[in-house]
Amino acid sequence: MNKRNNQPLLILAAGLVLIAMGAVAAFLFLGGGDDDGGTSAPSGALREKTPSASTRGTTGGPEPVVTMTPSKASLLLGELPDNYEVDVTSTFTMTVSTFTSSYWFRSNKEGEEKSAEWKIVDGYQVYFQPKGLAAEVLQGSPYIHIETYQFATIDGAKAAWDYFDGFLSRTPGSEAVEAKPLANESSAYRFIEGTVSVSEDLAVYHRFSYRRGNIIVTVVTWGADKSMNIDPARNVAATIDDKLLGTRPAVEPTPIPTPSFPGLGN
Amino acid sequence: MPRRLLLAACALAAVPVFAACGDDDDADAGAGPGTSTASAQTAGATNSNDSPTLATPASKYSVSIDDIGIAWLTDIANTYIIDATAYGKQPMLFGNEAEGKKLLTDWGYLEGYETAYIPEGRDTAVLKGAYYIKVETHLFKDEAGANKAFKYFTDYAATSGASPVNVQPVGNVSVAFATSYGTIGSTNVKALYHQVVFRRGNVITILLTKGAQGFMTVEPARELALIADEKILGERPAVEPTPTSSYKTPTPAPKP
């Protein structure tokens with residue numbers, strides 16, 4: 001008699017267990033977890049049409065005070081496919097003045113104040129472009145832009161990181177996307193804007209940024225939305241992080257020759 | 001083949017050049033036969049069945065630099081008047097000089113004009129969506145002769161390897177082709193050629209564009225064709241261009 005009386009409760013309990021299992025399964029399959037090789041992101045991050053599959057690099061790990069120059073840590077042309085070249089006019093070692101006047105700040109004054117507060121000591125930016133320019137972007141080769149910043153202290157880099165990430169997250173149109181974290185802190189965003197030159201293909205910027213100790217690296221790609229996700233940017237970021245950690249050779253890039261101006265004495 | 005040479009090869013035998021251009025596997029060829037008639041015109045086409053008989057000079061009915069804006073430079077080396085004798089010597093088009101002369105006489109060939117435009121920035125601009133342009137204009141004694149020439153051109157093109165492309169009609173009758181040949185400069189980006197050939201009255205006009213894969217369709221060539229067609233119909237001013245070969249840099253007269 002007792003057994004019969006308990007039967008409805010057992011059925012109810014079994015039903016609840018099944019519902020709970022279903023909810024867990026749905027959570028895992030629909031992307032609520034880190035089920036795709038370690039990819040994760042802040043809550044609300046967007047899973048792209050082609051989800052990130054980049055898992056390279058070290059998540060977490062040491063938090064060093066890196067002394068190598070940012071240009072040495074950055075990516076070399078030889079580390080990209082043969083169809084790339086350096087956009088020389090946009091590639092240079094950054095000074096405090098170029099940093100303070102960069103897009104990160106609303107005014108030069110703000111840049112100067114933040115530079116002093118964060119104790120920035122060096123910076124380097126490099127632009128790579130496919131030799132086929134926008135036409136080759138349509139074939140899947142994005143423009144790549146890398147900024148590497150070095151601060152005197154880890155605390156300075158942390159403060160700069162908070163500012164940079166806040167800047168990116170508040171930029172209208174900027175969307176956080178799913179990507180496996182890298183280094184001590186990292187973020188991944190995309191920004192869809194316009195088309196690739198005069199084509200009808202939507203253009204998209206992806207930006208993967210991270211902090212490793214006293215270094216902040218931000219990698220931006222610009223490509224056709226139909227063929228891009230965060231992975232090219234993240235893979236470049238992971239390559240640079242390997243250099244910062246000493247697990248990949250870091251070579252100073254060949255300096256770009258200073259232009260000469262005949263007739264001006266040099 | 002260098003770009004200049006290729007365009008030069010195209011100059012006097014626009015349709016047959018695609019026979020030499022080889023593969024067309026990346027061209028945006030349509031499924032249709034590539035031939036349209038004025039009666040099938042739809043939005044965007046000049047809505048006229050007029051078939052005028054125009055007099056020389058042929059250059060009046062070409063596309064001028066003023067028609068296309070400031071983003072192009074005239075390719076002066078490839079701008080000239082075509083006479084029947086020179087045109088008949090094109091081996092790719094006619095096989096031999098005698099055959100060329102015979103056909104041109106049969107068609108009543110009067111005169112032709114060719115010009116080309118280079119995008120400012122050249123290949124760098126092409127890799128960002130710009131394109132090269134070449135325009136040929138051929139005048140015949142009458143519509144019947146022009147029609148024979150049009151059929152000859154298009155029959156030749158049909159066996160040349162160029163792919164027919166569907167295009168909104170232009171003129172009394174028109175065809176369009178596309179082909180891929182070579183790359184843009186030293187890049188891996190394939191060069192695409194699009195060509196629209198149309199006849200209006202006693203005039204045959206050939207528009208050729210060269211651009212980068214990913215950007216190019218037949219539409220720019222067709223838009224240029226519409227400009228030429230408007231001139232033939234008198235809907236747009238048809239001005240004889242200043243002969244480039246006689247251009248001299250102005251110099252002040254020496255003072256006594």
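Guide: Start with a term: a residue is buried if 20 or more other C-beta atoms lie within 10 Å of its own, exposed if 12 or fewer, and partly exposed in between, with C-beta atoms placed from the backbone. Helices (H or I, at least four residues) and strands (E, at least two) are DSSP runs, numbered from the N terminus. This is a predicted model: local features need pLDDT of at least 70, side-chain atom pairs count only at pLDDT 80 or more, and totals for chains, interfaces and linings use all residues. Residues are numbered from 1 along each chain as its sequence is written, while chains are lettered from A and ligands numbered from 1 in the order in which they are written.

Visitor: OK. Is strand 3 of chain A enclosed or open, and why?
Guide: Strand 3 (residues 120–130) of chain A is largely enclosed by the rest of the structure, because eight of its eleven residues are buried.

Visitor: Which way do strand 3 and strand 4 of chain A run?
Guide: Antiparallel, with eight bridges joining strand 3 to strand 4 (residues 143–151) of chain A. Strands pair if DSSP finds at least two bridges between them. A:Y127 has A:H145 in strand 4 of chain A as its bridge partner.

Visitor: And how many bridges join strand 1 to strand 3 in chain A?
Guide: Three, again antiparallel, with strand 1 at residues 84–86 of chain A. There A:V86 is partnered by A:F128 of strand 3 of chain A. Strand 2 (residues 92–94) of chain A also pairs with strand 3 in the antiparallel sense, over three bridges. A:M94 faces A:G123 of strand 3 of chain A.

Visitor: Zoom out. What's in chain A overall?
Guide: Seven helices and eight strands. Of its 266 residues, 37% count as buried.

Visitor: New topic. How many residues of chain A are in contact with chain B?
Guide: Twelve, in contact with twelve residues of chain B. Contact means C-beta atoms, placed from the backbone, within 7 Å. The chain A side has five nonpolar, five polar and two charged residues. Here Ala, Val, Leu, Ile, Met, Phe, Trp, Tyr, Cys and Pro count as nonpolar, Asp, Glu, Lys and Arg as charged, and the others, Gly among them, as polar.

Visitor: At what angle do helix 6 and helix 8 of chain B pack?
Guide: About 140°, with the axes of helix 6 (residues 97–107) and helix 8 (residues 143–158) of chain B 8 Å apart. Axes are lines fitted to C-alpha atoms, for helices over the stretch in contact, and angles run from 0 to 180 degrees between N-to-C directions.

Visitor: Which residues make that contact?
Guide: B:L103, B:D106 and B:W107 from helix 6 of chain B, and B:G145, B:K148, B:A149 and B:Y152 from helix 8 of chain B.

Conventions: Contact = placed C-beta atoms within 7 Å.
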